[in-house]
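Here is a friendly walk through some helices, contacts and charge pairs. Please keep the viewer open as you read.

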Amino acid sequence: MKRRDFIHTAQLGSFGILLSPLPAMSMFSQNKETTRIVLKQLNFKSPELPDGQRIPFGWSAAGLLPGDSVIVKPDKKIPDGNLWFRVSVAQEIWDKKQLHLQLANSKEKLGTVDIQFSSVLVPYEVKINKKYIPEINRQGIKITLESSTPFWYFNQPDSKVNNTAFLPHLLSSQNNTGTIDDFLNCFLSINSTQAFGWREGTVLDGLWQIFSKKNNKRALKAIQQHLDLYFDKKQNLVYENARSKPNDNRVNGIESTIPFATLARLHPEHPILKTVVKGWQEMKKENGMVIDGTMVSAEGCYTVAYPMAVIGKIWQNKALKENALEQLKHRYVLINDNKLNLRYYTEGRYTYPNWARGAAWTLLGFSRTISELMDEMKVDEIIDKFEEAVKIAVSMQRKDGLWNCFMHEPNSLPDTSGSAGISAAILTGINNGFLSESYRSIAEKCWKTLENYLTPDGFLKGVAQDNRGGVELQQSDYRVIAQMGMGMMAQLYAER
């Protein structure tokens, strides 16, 4: 989907509270049975980055050309245990790539990393038989790229932050899955960073909910760490778009304004917020809808209505608050014929019926916006529509508590991100008193199963990939790690 750049500004103001030091904080228990072993490149010369593209945060990255190989060796001895190879994407990917792994000298195959249609800052992994540990310690690993286009990955530690989780590494653990403590240790850190826009906005919202609901100061520190990555010393917004091209001081379309809900909570006078609001006004149709082109999307419930409500409430701007509720009403059309649709086109066409993550966007947008404004505005009609949507989703819940990627398709694998988001929205409604307590067991059942999808170091697996590969990819069994899914799981955790 093409989106217009609609926000740009020269310089942004200081963050105030974000730049103030935080007190020392207690840490969650560390998992001593899990360790990362960074892999160092041997005698490898990377190609030049294509003109006009940039690596996030100025971190070091290397590229592999199609058919090229690189040899990596562990920087310390690998302990005995379960073993996974990891690598993280440093340039946006709009095709399919495979990284074939083998022992560097004997050429025995170790596995293949399958990377498809990926955003940056997402780790990919493949499990390696632990019988190969002695030879990997001795020989190292040869990585060969099979693709029609280059692959770029983060490759060196950063001097300012601990970005080890994004570097090529081996994860060694006595366990096959992680715990909630592992999840929190991972999420409340730089490790949960995502590309700026809806992905990072979901993470920031999860961090905020943990801070505000659990009084967890570590979550506030993590928000500061994340925003420090995206704003320079003059507080310019510095990031790349979905094609890895610099997009400084710009925000792409309606799906990209969700991060400003968290920003507004911490620094309500920040000048970029006025620019965001102006952008919404410029995109508003004659009937008041803020949409991209002719498409009414579920994302807008969460990425437009919700931040609009937050900013309106903080500024005590009645017009913004009313407009936020109107954005939800304009999206009633998505709740149609006992389906939760991702998209409706104004010529009358629906797409992606009952896509789990689309249902999460709808339900999270409704529940969060209602929660912000229910004490100040009349929301009874919107609450009724929210409960109608909840009932539709609940009717398609799996026996294990999750929801399939396409919720009504029994052969579709579950999507942990959509499942977490749906459940977080349900608990938000219950905890704020506008949804029956009888739904709590629905969300709790999902929560109990999600823990099975945690890696030993706390990342969330089982996430349906970004919606770049069309319906076919969403209907496939391809699942990934994704921190934006962790953002929705974090919101679920915060509401429990």
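## A buried arginine

In which strand is R343 found? R343 belongs to strand β15, residues 339-345; strands (E, at least two residues) and helices (H or I, at least four) are DSSP runs numbered from the N terminus. Before going on, note that this is a predicted model, in which local features need pLDDT of at least 70, side-chain atom pairs count only at pLDDT 80 or more, and totals for chains, interfaces and linings use all residues. Residues are numbered from 1 along each chain as its sequence is written, and side-chain values use heavy atoms, with hydrogens and water left out.

R343 is buried but has no salt bridge. Buried means under 20% relative accessible area, exposed over 50%, and partly exposed in between (1.4 Å probe, protein chains only). A salt bridge is a side-chain nitrogen of Lys or Arg within 4 Å of a carboxyl oxygen of Asp or Glu. The nearest side chain of opposite charge to R343 is E299, 5.1 Å away; here Lys and Arg count as positive and Asp and Glu as negative, while His and the chain ends are not counted. Leaving aside neighbours within four places in sequence, R343 is in contact with residues including M295, V296, R349 and N467, where contact means heavy atoms within 4.5 Å.

Of the 17 residues in α7, 14 are buried. Just after α7, Q316 takes a positive phi of about 55°.

Helix α5 (residues 259-266) has eight of its eight residues buried, so it is largely enclosed by the rest of the structure. The buried residues of α5 pack against α3, α4, β12, α6, α7 and α9.

## A helix pair

How do α11 and α12 meet, and at what angle do they cross? The axes of α11 (residues 416-431) and α12 (residues 440-450) come within 9 Å and cross at roughly 145°. Axes are lines fitted to C-alpha atoms, for helices over the stretch in contact, and angles run from 0 to 180 degrees between N-to-C directions. Among the residues making the contact are S423 and L427 of α11 and A443 and E444 of α12.

## Charge pairs

The count comes to 25 salt bridges. One of them pairs D248 with R54, the closest N and O atoms being 2.6 Å apart. D248 lies in the loop between α4 and β12 and R54 in the loop between β2 and β3, so the pair ties together parts that are 194 residues apart in sequence. D248 is partly exposed at 30% relative accessibility, and R54 is partly exposed at 23%.

Within helix α1, R138 and E135 form a salt bridge at 2.5 Å; being three residues apart, they are separated by about one helical turn. R496 and E444 also meet in a salt bridge, at 2.9 Å from N to O. R496 lies in the segment after α14 and E444 in helix α12, so this pair ties together parts that are 52 residues apart in sequence. R496 is partly exposed at 40%, whereas E444 is buried at 19%. Salt bridges that share partners also join R36, R86, E125 and D457 into one network.
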